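Thanks, everyone. I will go through the domains first, then the chain interface, then the salt bridges. Here is the model.

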Amino acid sequence: MTTTLDDIKSTFLAPFEELAEKVSEITNTDKVSQGKKAALEAIERNSFPTIKNEEWKFTELKSILSNKFELQSKEDALSSDIDLNEFDYFLNKNKDLNSHILVFINGHFSDKHSSIKELKGNKISIQTLSNTKTDNPIFDKFERDSVSIFSDINAAFATDGYVIELTDNQELELPVFVYFINDASQKNTLSQVRNYISVGENSNCTVVENYITKGENPNLINTITSVNVGSYANVKHLKIQADAKSQFQIGSTHAWQADKSSFTNTTISLAGKLIRNDLRIISGEYCESFMNGLYLLNEKTHVDNHTVIDHQRPNSYSNEMYKGVLDGKSRAVFNGKIFVRQAAQKTNAFQSNKNVLLSDDAILNTKPQLEIWADDVKCSHGATTGKLDEEALFYLQARGIPKQKAKSLLLQAFAEEVLDSIEIDVLREFLTNEIENRLSIS
Amino acid sequence: MLNINGLQASIDTDAGAKEILKGLNLEVKAGEVHAIMGPNGSGKSTLASVLAGREEYEVTGGKVDFEGKDLLELAPEERAGEGIFLAFQYPIEIPGVSNATFMKTAVNEIRKYNEKEELDAVSFLKLMKSKAAEMEMDSSLLTRALNEGFSGGEKKRNEIFQLAMLEPKLAILDETDSGLDIDALKIVANGVNRFKNKDNAVIVVTHYQRLLDYIVPDFVHVLYQGRIVKSGTKELALELEAKGYDWIKEEVNSITSK
């Protein structure tokens, strides 16, 4: 018997059967409800991407789709006794880190693990998706944007997620640290979260998503984060994929930037089985967009970053810097698209992807893709792949620094450019240490 | 201190292994300054590199004894630990590693190697500031990335600053004078002279005599075709400056052709 694509799809979707029925019976006319129905239809139409699909050419999903995953009910998810302090990556252990904390276990919000500091008035809200009515006007600000069938599955069936809203002229002083924990100690777990960040004019906030796994069973987290950035607003969104060796992650971040706004996404991938990050930014006029990425991979970790910056209006600036260090049999894929539409004159768009390969078995596929319809723009891109600079190594060694330490110094220096852009001291120092430890062992 | 005996070394080229050092002998004692001179391509920089442990060169014969140890058996960092210092002809730019971090790591790694306690931040800073002042180095150069964007002169000054910080037993200066104007040359030479004492030694590899006006050698050796073909005192350097290298080449060639 051969497994067809349809079989794979029906196996993957089997746990959703009951949910699918509920979605199909939805009669509400609000955008979210209708979006779910549309997503359900899309699921029926679409299939899982294969390597014949240009956007998935180097990322084969077999390793994910060959597993049978289970959904966990909220009761089950929250009944397991998880002590956050057992995770190295629970950064709020550090007393110097002052932040709001949101914890989701297997896709369900865990109230007892979370703590939201007092917020003044009703101009800022930090909520969960399950507590937000589907007809809340916040959702009207977001467009449906599907990257693949995974987006559709998320849109139809996500269990929960965070919803952060700032009205005009607000500042969320403390960052929000969100922990997505997959507890795969008993079962193969599949969790899905759908997140919204809506920031009004001249407001700003920082949201850090942390991905953590407990247990060794195969587990998948499928996420979508949608960000709406108002005029003159400044949003920083970070994804820290650091402690999830057994984890598969499919996630996309979509940002819509109103004129004169600033948006920064920082994606740090240090561990995981297979990670696919899609980042899509649509930029207005006089916007700034920063895309910073660092992947430090070993063993058989596979990380695929696909990014799109779509300059639709004139006078904007974007800067993308992705850096990678690959060891073992790891593989990294980078695909960076820059679109400059005809109306987007005077756009400045820069992109760089630099990689260091530490092993002969590591593989890198990098592809910059610039599509420019406007004629008065400044765009540049560059990709480099190489080994550590032998001359630099020798120089350090000749000053008494042992080879391993010299390597570690050089790699840290390489990574630092990305880490430097992180403004939360505890997080930056944590990652710097983490990288230092990793590099001195390998 | 240093005893080089019949040293042979080659480098891989597209056309196969090329022998550069062809049986070189040299003895350096504590308290001495030796100048190694010679025409381009004679093997001067190769000698400096081989002593420091650069991997591109394969040692095919001979021995190098440094303070009773077989130097050729040691990794570059171990040689530094033992007290060898190479001032690079072309110091490397290393973005992202600050000069101060680099220097602190180097100082403490060498101390560790010699089973000495590491310097704490305060004593290190004090030491660094005083040595930098001696080298008339702008303090911004210490916080900047190592050699990145430094001018040629700043790079060379930084090499001698490192020499002062690490206080090795044997300093090998590889064409340290190249690319220096006369003021920078004096600062560099003064740095070397401050370093020099009866317990350490200096090998100055240079193409020109002018550096030797400031760092006065006890011995001058002429390296040609991978061997030391003539040795003398500082007057030999002056003679070479006046007459060039042709007479040496002729002398050597007439001997070898006999």
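Chain A is assigned two domains, domain 1 (5–283) and domain 2 (388–442); the bounds come from an automatic or database domain assignment. What you are looking at is a predicted model, where local features need pLDDT of at least 70, side-chain atom pairs count only at pLDDT 80 or more, and totals for chains, interfaces and linings use all residues. Residues are numbered from 1 along each chain as its sequence is written, chains are lettered from A and ligands numbered from 1 in the order in which they are written, and side-chain values use heavy atoms, with hydrogens and water left out.

On confidence: pLDDT is the predictor's confidence in each residue, from 0 to 100. For chain A the average is 93, and 98% of the residues score at least 70. Helices (H or I, at least four residues) and strands (E, at least two) are DSSP runs, numbered from the N terminus. Among the elements of chain A, the highest mean pLDDT, 98, belongs to strand β14 (residues 302–311) of chain A, and the lowest, 85, to helix α9 (residues 425–441) of chain A.

Back to the two domains of chain A. Their C-alpha centres are 31 Å apart. The contact (heavy atoms within 4.5 Å) takes 16 residues from domain 1 of chain A and 13 residues from domain 2 of chain A. Buried area is the accessible area (1.4 Å probe) that two parts lose on being put together, summed over both. Between these domains of chain A it is about 1200 Å², with 80% from carbon and sulfur atoms. L91(A), I268(A) and L270(A) supply 38% of what domain 1 of chain A buries against domain 2 of chain A, more than any other three residues.

How many salt bridges cross the interface of domain 1 of chain A and domain 2 of chain A? The rule (a side-chain nitrogen of Lys or Arg within 4 Å of a carboxyl oxygen of Asp or Glu) finds one. E423(A) and K236(A) meet in a salt bridge through their side chains, at 3.5 Å, N to O. On the domain 1 side of chain A, β7 (204–214), β9 (234–243) and β11 (262–269) of chain A each give at least two residues to this contact. β9(A) has the largest share, three residues.

Now the chain interface. Here 30 residues of chain B are in contact with 17 residues of chain A. The area buried between chain B and chain A is about 2000 Å², and carbon and sulfur atoms give 64% of it. E77(B), I92(B) and E109(B) account for 27% of the area that chain B buries against chain A, more than any other three residues.

Four salt bridges are found across the interface of chain B and chain A. E159(B) pairs with R399(A) in a salt bridge, at 2.8 Å, N to O. On the side of chain B that touches chain A, elements giving two or more residues include α2 (76–82), α3 (99–113) and α6 (152–166) of chain B. The largest share, six residues, is from α3(B).
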